Amino acid sequence: MTIIKSGIILAAGLSSRMGSCKPFMDINGKKMIDWTVDSMIDGGVKDLIIVTGYRSLDIQKHLSLSYPGMLKFVKNEDYKNGNMFDSMKCGFRALGETDAVYLLPADMPAVSKETFFVLEEKMCVSRKKIFLPTVGGYRKHPPLIAAEIVYQILSYNGENGLRGFWKEQADQIEEVEVEDIGCTLDADYPEDIEKLKKYLAVSG
């Protein structure tokens, strides 16, 4: 069994803690956003949506040149409020016909392609609708979400954003333990960039 997999990359944030626009930060000669896009493409994603906000036109221009005709862009007009769940909803509304969708922040460029395929394999044999990778028992990104419950995410207005939705949908979640340090690495502060450089120099 194969499934049609879409992906949403969240690249709308202000990068306030980093002090520099994270998608454009250099990691071993390659922009962070390019690493993230490549990880999803390598993981078998065909329909890839980039949710922009801060420096929206710059991100779209760069990615359109790097990946001509391969990506779809949607802007979160309220990106300044810092609510990532709003960006998620923008991405979900832009989905085309698909069976399932991965969700990944742009500042997580080191996820292994094997993680995407492991989640897909689990979805193909399970009755659950949400598949969360875990490392050492801790939930990480990217989740794989069945398209049939996207409407429930779009209608969810409870507390704590996606975490609140996970709690509400606990009986639909399957945790999938993966051996992927990349799922634990994001980039909030300058020192995180150095960790990513070292890790991707070996694994990338």
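Modeller: Gladly! Leucine 104 in E6 is the bridge partner of isoleucine 9. This is a predicted model, in which local features need pLDDT of at least 70 and side-chain atom pairs count only at pLDDT 80 or more, while totals for chains, interfaces and linings use all residues. Residues are numbered from 1 along each chain as its sequence is written, and side-chain values use heavy atoms, with hydrogens and water left out.

Back to the strand. E1 runs in parallel with E6, over six bridges, and another six bridges join E1 to the parallel strand E4 (residues 47–52). There, leucine 10 has valine 51 as its bridge partner. Strands here are DSSP runs of E with at least two residues, helices are runs of H or I with at least four, and both are numbered from the N terminus; two strands pair if DSSP finds at least two bridges between them.

Seven of the seven residues of E1 (residues 5–11) are buried, so the strand is largely enclosed by the rest of the structure. Buried stands for under 20% relative accessible area, exposed for over 50%, and partly exposed for what lies in between (1.4 Å probe, protein chains only). From E1, Lys5, Gly7, Ile9 and Ala11 point one way, whereas Ser6, Ile8 and Leu10 point the other way.

Next, please find threonine 98, in the loop between helix H3 (84–93) and strand E6 (100–105). Threonine 98 is buried, at 13% relative accessible area. Its side chain makes a polar contact of 2.8 Å with the side chain of serine 6, and a polar atom of that threonine 98 side chain lies 3.0 Å from the backbone oxygen of isoleucine 4. A polar contact is a pair of N or O atoms within 3.5 Å; within protein, one must be able to donate a hydrogen and the other to accept it, and residues adjacent in sequence count only if both atoms are side-chain atoms. Leaving aside neighbours within four places in sequence, threonine 98 is in contact (heavy atoms within 4.5 Å) with Ile4, Lys5, Ser6 and Ala147.

Rings of Phe, Tyr and Trp (its six-membered ring) pair if their centres lie within 6.5 Å; planes under 30 degrees apart count as stacked, over 60 as edge-to-face and the rest as tilted. By this rule there are four aromatic pairs. Phenylalanine 85 and tyrosine 156 have ring centres 6.1 Å apart and planes at 85 degrees, so they are edge-to-face. Phenylalanine 85 sits in helix H3 and tyrosine 156 in the loop between helix H5 (150–155) and helix H6 (161–168), so the pair ties together parts 71 residues apart in sequence. Phenylalanine 85 is buried at 9% relative accessible area, as is tyrosine 156 at 10%. Phenylalanine 165 and tryptophan 166 form a tilted pair, with 6.0 Å from centre to centre and 55 degrees between the planes. Phenylalanine 165 is buried at 0% relative accessibility, and tryptophan 166 is buried at 10%. Phe85, Tyr156, Phe165 and Trp166 form one aromatic cluster.
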